[in-house]
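This report concerns side-chain contacts in a single protein model.

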Amino acid sequence: MSLKLVKAIRLCEVGPRDGLQNEKIILTAEQKIELIDRMSEAGFPVIEVGSFVSPKAVPQMADTDAVFRGITRREGVEYRALIANARGVDRAAACGCTKVKLNVSASVSHNLANLNCTPAQSVAGFAECVEKARAAGIGISGSISMAFGSPWDKEIPVRDVKRIVDAYLAVGIEEISLSDASGMAFPTQVYDICTEMQHCYPNVSWWLHFHNTRGLGIANILAGMQAGFTRFDASFAGVGGCPFVPGAAGNVATEDVLHMCEEMGVATGIDLDKAMAVSRRIVGLIGHTTDSYLLRAGKSRDLIRELPTGQIKNQTQI
Ligand code: ZN
């Protein structure tokens, strides 16, 4: 028996937003532009450039407008940004950003405590963003964080997540990301939920977004692929975290996902060596090591070389 696998996936590099927003060192717009241009040159089809949110809340993303103005747009690459409200759409339109993403937490208690409304009510309030985005010719998508579990709830029932999906569809958003910001998802759960979502909402363009907090990120991606999902977020060198979640780690490292895909014959359209070079550059810029297996161990194929005769003679292999 062999794994049921998709032939190709579409990867979004979220490092410039989800990764860098959690770093102490704030990169300059020029440094971000260099990284993003190198990513598009490496073949990334989608790049999350930054966010249009309050600079007080997330100072690392204060210059997203300048970054959008400075990047060299490559034909066919989708450059997207995270927004929190209609003001975000205005900022996107002003600097030529053509794709925005909204987010809501699937945790009812989290949403009630922070915003005094249910997640579905939050999404209903996004109608204004959709209208503004349409008028400006900007594509709009939605994300559901804590879709697989949250630190504030015993469980996130799938029917609660479906209620949020229904709310997104009701305001006209048909591209939806299921996000595990808390790093609590596990492969069989991912497979079951993704299969259920595909079945109930075959017309939604689904994305999956996993943080590697407990080392299950890449296994969750594989489980998503088995369920037929083809769009995944990842972060260069695995940088990132989540300010609200205790012990949170970054997204699955982009190069680790690319390497797995390359070994399994799943097409990504991305040059792994170039992607690794970008990840090494980001590690240099932030000044600390990250959770990337590939940056530590290199590609499996790079190990395969002629063994000089006699080298392993008398060595016990265990
Ligand atoms: Zn995230």
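**Cysteines**

The model is predicted, and it contains zero disulfides. For C95, the closest cysteine sulfur belongs to C97 and lies 5.9 Å away, which is too far for a bond. A disulfide would require the two sulfur atoms to be within 2.5 Å. C261 likewise takes part in no disulfide, the nearest cysteine sulfur being that of C12 at 15 Å. Both residues lie in the interior by the accessibility criterion: C95 is buried at 5% relative accessibility, and C261 is buried with a relative accessible area of 0%.

**Aromatic rings**

Five aromatic pairs are present in the structure. One of them joins F148 and F210 in a tilted arrangement, with 5.6 Å centre to centre and 45° between the planes. F148 belongs to the loop between β5 (139–145) and α8 (158–170), whereas F210 belongs to strand β7 (residues 205–210); the pair therefore ties together parts that are 62 residues apart in sequence. Both F148 and F210 are buried.

A further pair is formed by W206 and F229. Their ring centres are 6.0 Å apart and their planes meet at 20°, so this pair is stacked. It connects distant parts of the chain, since W206 sits in strand β7 and F229 in the loop between α10 (217–226) and β8 (231–234), at a separation of 23 residues. W206 and F229 are both buried. Through ring pairs, Y201 joins W206 and F229 in a cluster.

An aromatic ring also meets a charge in this model: the charged end of R80 is placed over the ring of W207, at 4.9 Å from the ring centre.

**Salt bridges**

Side chains of opposite charge can pair when their charged atoms come close.

| Salt bridge | N to O distance |
|---|---|
| D65 and R91 | 2.8 Å |
| K99 and E78 | 3.2 Å |
| D90 and K132 | 2.9 Å |

The salt bridge of D65 with R91 has its closest N and O atoms 2.8 Å apart. D65 is in helix α3 (residues 64–70) and R91 in helix α4 (residues 86–94), so the contact ties together parts that are 26 residues apart in sequence. Both D65 and R91 are buried.

In the salt bridge between K99 and E78, the closest N and O atoms are 3.2 Å apart. This pair links strand β4 (residues 99–105), which holds K99, to strand β3 (residues 78–83), which holds E78, and the partners are 21 residues apart. K99 is buried, with a relative accessible area of 7%, while E78 is partly exposed at 21%.

D90 and K132 form a salt bridge at 2.9 Å, N to O. Here D90 lies in helix α4 and K132 in helix α7 (residues 127–136), so the pair ties together parts that are 42 residues apart in sequence. D90 counts as partly exposed at 36% relative accessibility, and K132 counts as partly exposed at 31%. Elsewhere, salt bridges with shared partners join R17, D18, E48, R80, K101 and D233 into one network. R80, a member of this network, is also the residue whose charged end sits over the ring of W207.

Key
Residues numbered from 1 in each chain as written. Predicted model: local features only at pLDDT ≥ 70, side-chain atom pairs only at ≥ 80, totals over all residues. Heavy atoms only, no water. Buried < 20%, exposed > 50% of the residue type's maximum accessible area, 1.4 Å probe, protein only. Phe/Tyr/Trp six-rings, centres within 6.5 Å; stacked < 30°, edge-to-face > 60°. Helix = DSSP H or I, 4+ residues; strand = E, 2+ residues; numbered from the N terminus. Lys NZ or Arg CZ within 6 Å of the ring centre and 35° of its normal. Salt bridge = Lys/Arg side-chain N within 4 Å of Asp/Glu carboxyl O.
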